[in-house]
Every structure is written in C-alpha cells, then in structure tokens.
Amino acid sequence: SDRYCVFGHPIGHSRSPRIHALFAEQCGQAMTYEAIEAPREDFAGAWHAFVAAGGLGANVTVPFKEEAYRVADVLSQRARRAGAVNTLVHGRDGRTYADTTDGVGLVRDLEAHGVTLDDARVLVLGAGGAVRGVLDPLLAAGPRSLHIANRTAEKAVSLAADFQQQGYVTGGGYDALEGPFEVVINGTSASLGGELPPLPDTLLAADGVAYDMMYAADPTVFLQWASARGARTIDGLGMLVEQAAESFFLWRHVRPDTGPVRDTLRHEL
Ligand code: ATR
C-alpha cells in the first residue's frame, strides 16, 4: 500500500500516525503512515531514502520544518512566505512539492468553532516559527487588524514588516500591549514550560475568544488565564487535526471529516 510518514526528532509522542490512520480508515484509503526519527544533521538524506523506498509524502515537524523547505523543488506561495513547511509530496515527475498547512488548519478550526476572523481585531502572541507559519492564512481571513506581540519586540516588528503586503499587521512588545481584541491567539512556546507572557487584564473584548495553538489534557496556563477573565477558550487539538486533514488532501485528493477524529483524539488525551 502507499507509504507516508511524519519526520521529527524526537517523534515518539506525535499524534499524526493516529490521526492519519483514522482518516485512512474513514476514507477507505489503502495507505500506511509511520513516524520516523530523522537524524538531526541529515533531514534531506532521510527524505530521499524514504522516497527511494516508495514513500509518496510526509509531514515534517520540529526541528525539520526549515530543512524541509530547503529540500523542496517546488514551494506553494504560502510556504514561501512562511519560510518553513510541514508537508512534502513526492510528485510523479520525481520532484518534491512542499506546502505548509498549519495556518489553514488554524483558520479552519476557528471557523469550526464559529469564531469570526472577518473584521475582527486579532492579537497573536509570539513571533517564532510557529507564528510565521500561520500568518498568511490568518491575514487572508480578513481581520480588521492583526497585532503581533512578542517578548523580544524587534522580532514581532520585523515579522509584521515581512507580511505588510498581506494585510494590516503591526508588531511590538508586551509592555505597550493594550486591548481589547476579539481574538487572541497564543503562538508562544511559553505554555510548554507552564509560563505566561505578561498580559494586561484589558486584553480581551467582552465576548472575546482565546485560542492556544498548544493543547494538553488540561487547559494551558494561557487558557486558564483567559477563562478566569470570562473569555471563551479553545485549544490547539482541532488545529492539529485540521492541518493533518489538509496534508491528507494534498496526498490523496480526499477530504476527511475532521469532527469525529477530533472527538476521538480528545478522548485519548
Ligand atoms: P516555535 O517554533 O514554537 O515558534 P521559536 O521559533 O523558538 O519556536 O519561538 C518561540 C516563541 O515563544 C517566541 O516568540 C518566544 O519569544 P522570544 O522571541 O522573545 O524568545 C516565545 N516564548 C518562549 N518562551 C516564552 C516565555 N516564557 N514568555 C514569553 N514568550 C516566550
């Protein structure tokens, strides 16, 4: 059957094999999807070896998203702007096609939760690779404004400058941060260490939504903070499933129904 995989280092905790197995079963696709720990210093070698062994496509996670960008022969426009990719496709012509589906995944999950981005004042926390990867689809969703706040203010300012053509986007530090925003998205890795950027109590609009790109069995500190201030909270599990569905579509040209898969994963957390 057709072979796919996810590359990472480490990769043991990845939920992607589970998600794609559920998609394949649901859509009746004869395929396998395995987790491969590529060596840190030779991602390109791992991808080419996988293709030589019959591999048709892959997801790419930390720390290889930029490496995967360099391995690609053909990049989608949003991938070029993101500077990193999470999906590789081995083309019939032998070339490697690459795309990034994280941003579409985020926007689709917000839509699935009934959150309106159109004309909203949106705040994104963080200015690292994870945020760069979602800005293009976020701006395409038509927010009134998108502000990026980051611990290192200069990184937010320069990231905003890179996306000037895509919409009204600004950047700065946490000290000057002032609400209200209808949608606040946490894209920092601070949640991993149970930390929280310094946020003012006035951050969220009355009916504001707080979204964390991370997820865990228990709410992240950011979502706990937002919840305590009356916001509606959503974690990144749905984004994970939606970005996977978009990758699956690029490989199989079939769109899985994500709702049931998200529910299954939620129960397994
Ligand atoms: P990723 O791929 O997850 O985006 P990254 O590129 O290293 O990883 O970016 C991590 C992001 O989380 C950055 O925006 C970082 O802020 P700095 O640019 O100032 O380093 C942010 N971050 C990490 N730990 C944080 C903390 N404890 N408080 C606030 N921001 C934090």
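Predicted model: local features only at pLDDT ≥ 70, side-chain atom pairs only at ≥ 80, totals over all residues.

Guide: Residues are numbered from 1 along each chain as its sequence is written.

Visitor: Why is Lys65 called buried?
Guide: A residue is buried if 20 or more other C-beta atoms, placed from the backbone, lie within 10 Å of its own, exposed if 12 or fewer, and partly exposed in between. Lys65 has 26 other C-beta atoms within 10 Å, and is therefore buried. UniProt, in an unreviewed entry, places the feature "active site" at Lys65, although such annotations may be inferred rather than shown by experiment.

Visitor: What does Lys65 touch, leaving out residues up to four places away in sequence?
Guide: Lys65 touches Val60, Ala84, Val85, Asn86 and Gly129, where contact requires C-beta atoms, placed from the backbone, to lie within 7 Å. Lys65 itself is found in helix 3, residues 65-71, and helices here are DSSP runs of H or I with at least four residues, whereas strands are runs of E with at least two, both numbered from the N terminus.

Visitor: Why is Asp119 called exposed?
Guide: Asp119 has 11 other C-beta atoms within 10 Å, so it is exposed. Asp119 lies in the loop between helix 5 and strand 7 (121-125), and has a positive phi of about 70° although it is not a glycine.

Visitor: And why is His253 called exposed?
Guide: His253 has 7 other C-beta atoms within 10 Å and is therefore exposed. His253 sits in the loop between helix 9 and helix 10 (258-268), with a positive phi of about 60° although it is not a glycine.

Visitor: What makes strand 2 and strand 4 edge strands?
Guide: Six strands form an open sheet in the order 2-1-3-5-6-4, with mixed pairing. Strand 2 (31-37) and strand 4 (74-75) are its edge strands, each pairing on one side only, and two strands pair if DSSP finds at least two bridges between them.

Visitor: What makes helix 5 mostly covered?
Guide: In helix 5 (residues 102-112), nine of the 11 residues are buried, among them Asp102, Arg108 and Asp109. The buried residues of helix 5 pack against helix 4 (77-82), helix 6, strand 11 (204-212) and helix 9 (237-252).

Visitor: How many residues surround the ligand, and which are the closest?
Guide: The ligand has 15 residues around it, the closest being Gly128, Ala130, Arg151, Thr152 and Thr188, and a residue is near a molecule or strand if its C-beta atom, placed from the backbone, lies within 6 Å of it. Helix 6 (residues 129-140) gives the most to this shell, with three residues.

Technical notes
Contact = placed C-beta atoms within 7 Å.
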